[in-house]
Amino acid sequence: MYDVLVVGSANADLTVRVDRRPGAGETVLGTDLVESAGGKGANQAAAAARLGARTALLAKVGDDAFGELLLQGQREAGTELRHVLVEAGARTGTAMIVVGPDGDNSIVVSPGANAHLLPEDVEAAREVIAASAVVSLQLEIPPATVRAAAETARETGTRVVVNPSPAPDRLDPELLAAADPLVVNEHEARHLTQLMEGTPQEWARSLRDQGARSVVVTLGAEGTLALEAGAGEPVAVPGVKAEAVDTTGAGDAFTGALAARLAAGASLPDAARFAVRVGAAAVTRPGAQPSYPTLGELPPEPGQFT
């Protein structure tokens, strides 16, 4: 039925750009507030759909203006919306984002309706999960719901991509066991392995030793590492040069692209090579979903001529 089913969050992104981030107790002036569609789940769905993958989103929004903003963002990307639940009287999740002059961001999320996406909603979608090639999960919805989605996917033979963000103190062992791959950035890798001075290779091996079937460690402009199930060493995938304007949602663009390419039958390293190009394109434009490229907008692979 679907190449990628994303079970996760949907947030309205409220973004302001500043010349420098404020310190504790300090006020700084910023630009006008920009409202756009976001949330890790909705972002990953939009990224996969814009690349041509048959994509659906299982999420929950409120019956407010932000909820309609999120639905419209998914329509524009080409995501199937029949599994997005609208809860009467609930507020849609909101992310408050401050973007510095270097393009890096700081984010605070208010879950809103995301907190009401429950295991029974996942159980109601069992047939949809079973008919999908890949299910992509993150941690901006209740842990019990994420666990239910992972368990259902494993029971039905659907591949599971897990992006453990925001990073918990400890990952659920069953969620780890379902992850194929577990996708983490440098901060999440350090936090989950407690190898603060470790190398990306050590992080990847440690996370697989903890139970993940395969692991991808994203390294920003430096590229990524992909450690397949059964492989002795991770494969290094080089980064793609890009002029960073805004890194908001770039990790979600990567994960959505990775899931889409895995659903098409690519190996993990090949899927990572593709996803690196998608992430590089995403940072060259402001915002999350508005920055996501189509296939025709991707930069060439390293070593290719333009």
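Start by selecting Glu 186, Ala 189, Arg 190, Leu 192 and Thr 193 in helix 7, which are in contact with Trp 203, Ser 206, Leu 207 and Gln 210 in helix 8 (contact means heavy atoms within 4.5 Å; helices are DSSP runs of H or I with at least four residues, strands are runs of E with at least two, and both are numbered from the N terminus). Of the residues in this contact, four are nonpolar, three polar and two charged (nonpolar: Ala, Val, Leu, Ile, Met, Phe, Trp, Tyr, Cys and Pro; charged: Asp, Glu, Lys and Arg; polar: the others, Gly among them).

This is a predicted model, in which local features need pLDDT of at least 70, side-chain atom pairs count only at pLDDT 80 or more, and totals for chains, interfaces and linings use all residues. Residues are numbered from 1 along each chain as its sequence is written, and side-chain values use heavy atoms, with hydrogens and water left out.

Now show all of helix 7 (residues 186–193) and helix 8 (residues 200–210): they pack at about 50 degrees, with axes 10 Å apart (axes are lines fitted to C-alpha atoms, for helices over the stretch in contact; angles run from 0 to 180 degrees between N-to-C directions).

Next, go to the open sheet of four strands, in the order 3-2-6-7 with mixed pairing (two strands pair if DSSP finds at least two bridges between them). Strand 3 (34–38) and strand 7 (105–110) are its edges, each pairing on one side only. Select strand 2 (residues 11–17), which runs antiparallel to strand 3 and is joined to strand 3 by five bridges. Thr 15 is opposite Val 34 in strand 3.

Finally, select helix 2 (residues 65–77), which lies across strand 2, strand 3 and strand 6 (93–99), at about 60 degrees to strand 3.
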